[in-house]
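Let's take a walk through this protein chain together. Have the structure open in your viewer, and follow along from one spot to the next.

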Amino acid sequence: MKDTKFIKGICKKTKQHFGLEIKKFGGDWKVVNFICISPEEASVITSEIKQTRFLTNDNLQACVKCGGRKVSGCSCASKFFKCHAGEYNFQCVYCKNMEIDYSAPAFGGGYKEGDVIRLSQGQEVVIQHADNQPLDNIVVGVGWDSVSQGDNMDVDSSVALYSARGCSYDLVYYGAKQHASGCAELLEDNLTGDYTGNVDSNDDENILVNLKKVPRDKDRLIFLINIYKCYDRGQTLNDVKNFYIRLYDPTSKKILIEYRVKNNQVRPDDTAIVIGMATRKTAGWTFKAIGRSLRASDVSELADSAIDYV
């Protein structure tokens with residue numbers, strides 16, 4: 001039925017996956033059923049409905065402690081839920097450890113040859129080959145369109161490698177184009193020649209990434225875009241549009257993942273964008289579409305603030 005859909009949830013503590021059936025009542029979607037599902041089942045579900053919050057419908061029992069119906073928002077102490085890995089009851093739907101999972105489906109556990117996975121803001125996918133094997137080497141292409149000030153508009157890309165606790169980072173940018181470990185390198189030109197061959201000449205800048213070489217104390221690679229000397233030149237994101245980021249397989253020369261930032265998601269008075277993030281997890285590396293804008297005078301200030309936007 002068109003007024004019934006599914007979203008997926010995951011327990012941040014136990015990593016248990018859940019399927020939530022939702023139905024539209026008036027203008028709001030409410031949870032009408034809740035089941036435990038496997039990781040394989042979760043991999044083919046897309047949480048396409050987004051709301052500020054979800055409530056359960058009256059046909060379901062409210063939190064037996066406080067009577068609340070807000071999904072993942074119960075004010076009760078977490079110990080009330082008597083959480084045990086591998087076990088659950090309906091009260092889990094109210095526990096604050098439950099969160100709605102907006103990651104994109106894994107298409108049967110991997111990419112299909114020739115397919116491009118197009119992400120929306122907040123969606124996340126595993127970086128891997130079509131046969132489910134990890135993809136160690138990727139090329140990250142970023143692009144944008146200047147809408148004013150011509151050659152005087154200088155937009156730069158960079159990648160910040162953050163420590164597991166987010167308290168320190170290394171920055172690869174136009175002033176330091178290669179990481180000491182060899183895991184990331186900023187190229188001056190588009191994807192050409194020895195790197196990926198004829199892929200897409202419309203990319204404005206590109207970053208080579210070897211995920212296998214990322215130091216152990218770094219678990220997040222946050223990809224950034226900023227306007228050079230934005231304050232001196234009085235330039236903002238109002239002068240730039242159509243931002244995107246793509247992940248390529250350098251061997252097959254195929255675009256695997258693409259995320260395009262919607263222009264209405266960017267605040268015109270801002271000067272930089274946190275566009276995407278690769279994260280090292282137990283099962284491998286994932287890529288998440290971020291697309292959040294902010295004000296930063298230069299790339300260092302941008303990297304200082306970026307961790308707060310993911």
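## A charge over a ring, and the strand around it

Arg246 sits over the face of Tyr244, at 4.2 Å from the ring centre. Keep in mind as you look that this is a predicted model.

Stay in that part of the chain for a moment, at strand β14 (residues 240-249). Eight of its ten residues are buried, so β14 is largely enclosed by the rest of the structure. Which strands does β14 pair with? One is β8 (residues 137-146), joined to β14 by seven bridges and running antiparallel to it. Another is β15 (residues 254-260), also antiparallel, with six bridges to β14.

Leu247 is a handy residue for seeing both pairings. Val140 stands opposite Leu247 of β14, and in β15 the bridge partner of Leu247 is Ile257.

## Positive phi elsewhere

Asn242 is not a glycine, yet it has a positive phi of about 60°. Asn242 lies in strand β14 and is partly exposed, with a relative accessible area of 27%.

Lys229 is another non-glycine residue with a positive phi, near 50°. You'll find Lys229 in the loop between β13 and α3.

## The aromatic pairs

A search of the whole structure turns up four aromatic pairs. Take Phe18 and Phe34: their ring centres are 4.9 Å apart and their planes are at 20°, so this pair is stacked. Phe18 belongs to strand β2 (residues 17-25) and Phe34 to strand β3 (residues 28-37), so the pair ties together parts that are 16 residues apart in sequence. Both Phe18 and Phe34 are buried.

Now try Tyr174 and Tyr228. Their planes are at 85°, so this pair is edge-to-face. Tyr174 is in the loop between β10 and β11 (184-187), and Tyr228 is in the loop between β13 and α3 (230-233), so to speak a link between distant parts of the chain, 54 residues apart. Tyr174 is partly exposed, with a relative accessible area of 38%. Tyr228 is partly exposed as well, and its relative accessible area is 25%.

| Pair | Distance between ring centres | Angle between planes | Geometry |
|---|---|---|---|
| Phe18 and Phe34 | 4.9 Å | 20° | stacked |
| Tyr174 and Tyr228 | 5.7 Å | 85° | edge-to-face |

## A sheet of six strands

Next, find the open sheet of six strands, with antiparallel pairing and the order β7-β17-β16-β13-β9-β10. Which strands sit at its edges? They are β7 (124-126) and β10 (169-172), each of which pairs on one side only. From one strand to the next, the twist averages 20°.

Inside the sheet, β9 (residues 155-163) and β13 (residues 218-227) run antiparallel and are joined by nine bridges.

## The whole chain, and where to be careful

Stepping back, the protein chain has four helices and 17 strands. Of its 310 residues, 47% are buried. Among contacts between residues at least 6 apart in sequence, 61% join residues at least 24 apart.

How confident is the prediction? The mean pLDDT of the protein chain is 82, and 83% of its residues reach 70 or more. Over residues 107-113, though, the pLDDT is below 50, and this stretch has 19 contacts in the model beyond near neighbours in sequence. Residues 189-200 also stay under 50, and for them the model has 28 contacts beyond four places in sequence. Where pLDDT is low, the predicted coordinates should not be read in detail.

Definitions and conventions: Residues numbered from 1 in each chain as written. Predicted model: local features only at pLDDT ≥ 70, side-chain atom pairs only at ≥ 80, totals over all residues. Heavy atoms only, no water. Pairing = 2+ DSSP bridges. Helix = DSSP H or I, 4+ residues; strand = E, 2+ residues; numbered from the N terminus. Axes fitted to C-alpha atoms, helices over the stretch in contact; angles between N-to-C directions. pLDDT = per-residue confidence, 0-100. Contact = heavy atoms within 4.5 Å. Phe/Tyr/Trp six-rings, centres within 6.5 Å; stacked < 30°, edge-to-face > 60°. Buried < 20%, exposed > 50% of the residue type's maximum accessible area, 1.4 Å probe, protein only. Lys NZ or Arg CZ within 6 Å of the ring centre and 35° of its normal.
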